[in-house]
Amino acid sequence: PAGSRARNPKGKLQFTGELTDGAPGEESLASIQRIFDKFDVNHNGVIEFDEVKTLLRSVQLFPATEKIREMIRRVDTKGDGIIDFEEFVNMRRKEEPCELNVLAQFKKFDVSDIYRGFITEESIRKVLEADRVEPIAIDDYVKEFMALDTNGDGKVSFLDLFESMMSRVPDEWLEWIWTNVQRGVADDTITAILRENGFQPRLAERLLARTKREGRQIVERSYVDMGRGYVKPIIS
């Protein structure tokens with residue numbers, strides 16, 4: 001049946017369904033396969049717990065066992081504890097704001113020979129040129145991606161990418177909102193400044209409303225914070 005999985009004589013899992021190459025401008029199957037292969041360390045055709053753990057360690061992240069299992073469950077629609085290529089493609093095509101997809105996006109561009117563990121303009125161009133993306137589109141993508149470089153050193157870290165894809169709010173902004181609420185700054189002024197600094201309008205409004213209602217937002221830390229504080233996103 002379409003979408004099923006079968007084992008070849010060597011025991012390697014193979015996807016037997018029909019996956020299309022997607023709409024124009026969408027990530028190609030060949031590109032997704034290259035990312036998948038970075039996860040599939042033992043080359044058995046699926047992504048398993050230990051392989052996710054290995055890639056997380058490659059970017060100096062050490063989440064608890066249950067957290068890694070939770071990351072897999074978000075993508076494992078078949079519920080068998082592993083991620084096959086079909087599930088991986090679905091994750092990439094849906095552009096899911098999940099932690100495993102952040103890791104996949106990071107490893108896609110983490111190809112620099114000099115700055116391993118970071119994404120640079122050179123590495124982005126290298127990957128997209130290999131995918132035969134149009135030069136103008138590459139320029140636009142580089143500009144957008146490198147805007148995530150928070151300290152201006154020409155390198156995008158995993159944390160930079162995680163914050164963007166997961167829409168996490170840095171603790172310093174939560175403090176800024178609380179301080180200005182206490183000072184009596186007009187709501188329109190606060191939300192305008194937030195929007196100018198990259199906040200989506202609805203998120204800016206909800207952050208302000210929650211701060212006025214509940215006070216200074218409570219910081220929640222996770223394995224990616226590396227000592228910095230963040231709050232979970234408010235979904236608009």
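## Salt bridges in a predicted model

Lys-78 is partly exposed, with 36% relative accessible area (buried means under 20%, exposed over 50%, and partly exposed in between, using a 1.4 Å probe and protein chains only). This is a predicted model, in which local features need pLDDT of at least 70 and side-chain atom pairs count only at pLDDT 80 or more, while totals for chains, interfaces and linings use all residues. Residues are numbered from 1 along each chain as its sequence is written, and side-chain values use heavy atoms, with hydrogens and water left out.

**Overview**
- The structure holds 16 salt bridges (a side-chain nitrogen of Lys or Arg within 4 Å of a carboxyl oxygen of Asp or Glu).

**Lys-78 and its partner**
- Lys-78 forms a salt bridge with Asp-84, at 3.0 Å from N to O.
- Asp-84 is buried, at 2% relative accessibility.

**Glu-27 and Lys-108**
- A salt bridge of 2.8 Å, N to O, joins the side chains of Glu-27 and Lys-108.
- Glu-27 sits in the loop between strand S2 (13–15) and helix H1 (29–39) and Lys-108 in helix H5 (residues 99–109), so their pairing ties together parts 81 residues apart in sequence (helices, H or I with at least four residues, and strands, E with at least two, are DSSP runs numbered from the N terminus).
- Glu-27 and Lys-108 are both buried.

**Asp-131 and Arg-34**
- Asp-131 and Arg-34 meet through their side chains in a salt bridge of 2.1 Å, N to O.
- Because Asp-131 lies in the loop between helix H6 (121–130) and helix H7 (135–146) and Arg-34 in helix H1, this pair ties together parts that are 97 residues apart in sequence.
- Arg-34 is partly exposed, at 42% relative accessible area.
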